[in-house]
Amino acid sequence: MAASPRHESTSEPVSLADAASWYSVIFLVGLILLGTIKGNYLTDDAGEPIVRSGNQLLDRPPCDEIYVVGEGETVHTISDKCGDPFIVENNPHINDPDDVFPGLLIRITQSQHRKLSR
């Protein structure tokens with residue numbers, strides 16, 4: 001009687017590869033979660049948490065001193081975006097706050113409160 005050919009088991013390398021890929025996925029998901037959690041907690045130089053309200057959670061870059069009005073922007077939206085409540089007063093070429101148009105150059109003077117909060 002002939003002996004049946006011996007087949008080597010390939011299940012061990014396959015299961016090892018499956019385990020390695022699952023561990024890699026778990027590790028990457030953990031890194032992503034850790035990055036999002038760490039990014040949500042802002043602290044000052046002393047390590048104290050910074051409490052901000054409303055849309056101040058977005059870390060927007062400050063506006064340049066000369067701002068170019070974009071499509072659909074109003075004096076109010078630019079004032080909120082740049083932290084300058086006195087746009088009309090500081091720009092004598094703006095006679096009517098409703099009369100701004102894309103391409104108009106506006107001088108931005110950030111308020112002292114806005115400068116301190118950065």
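Author: Let's take Ile106, which touches Glu65, Ile66, Tyr67, Val69, Ile78, Ile87, Asn91 and Ile94, leaving aside residues up to four places away in sequence. A contact here means heavy atoms within 4.5 Å. Keep in mind that this is a predicted model, where local features need pLDDT of at least 70, side-chain atom pairs count only at pLDDT 80 or more, and totals for chains, interfaces and linings use all residues. Residues are numbered from 1 along each chain as its sequence is written, and side-chain values use heavy atoms, with hydrogens and water left out.

Ile106 also belongs to the largest nonpolar core, a group of 12 residues that includes Tyr67, Val69, Ile78, Ile87 and Ile94. Such a core is a set of buried Ala, Val, Leu, Ile, Met, Phe, Trp, Tyr and Cys residues joined through side-chain atoms within 4.5 Å; buried means under 20% relative accessible area, exposed over 50%, and partly exposed in between (1.4 Å probe, protein chains only).

Now step along to Arg107, which makes a salt bridge with Glu65, their closest N and O atoms being 4.0 Å apart. That term means a side-chain nitrogen of Lys or Arg within 4 Å of a carboxyl oxygen of Asp or Glu. The pair links distant parts of the chain, 42 residues apart: Arg107 sits in strand β2 (residues 105-107), Glu65 in the loop between α1 (11-40) and β1 (66-68). Helices (H or I, at least four residues) and strands (E, at least two) are DSSP runs, numbered from the N terminus. Arg107 is partly exposed at 38% relative accessible area, while Glu65 is exposed at 52%.
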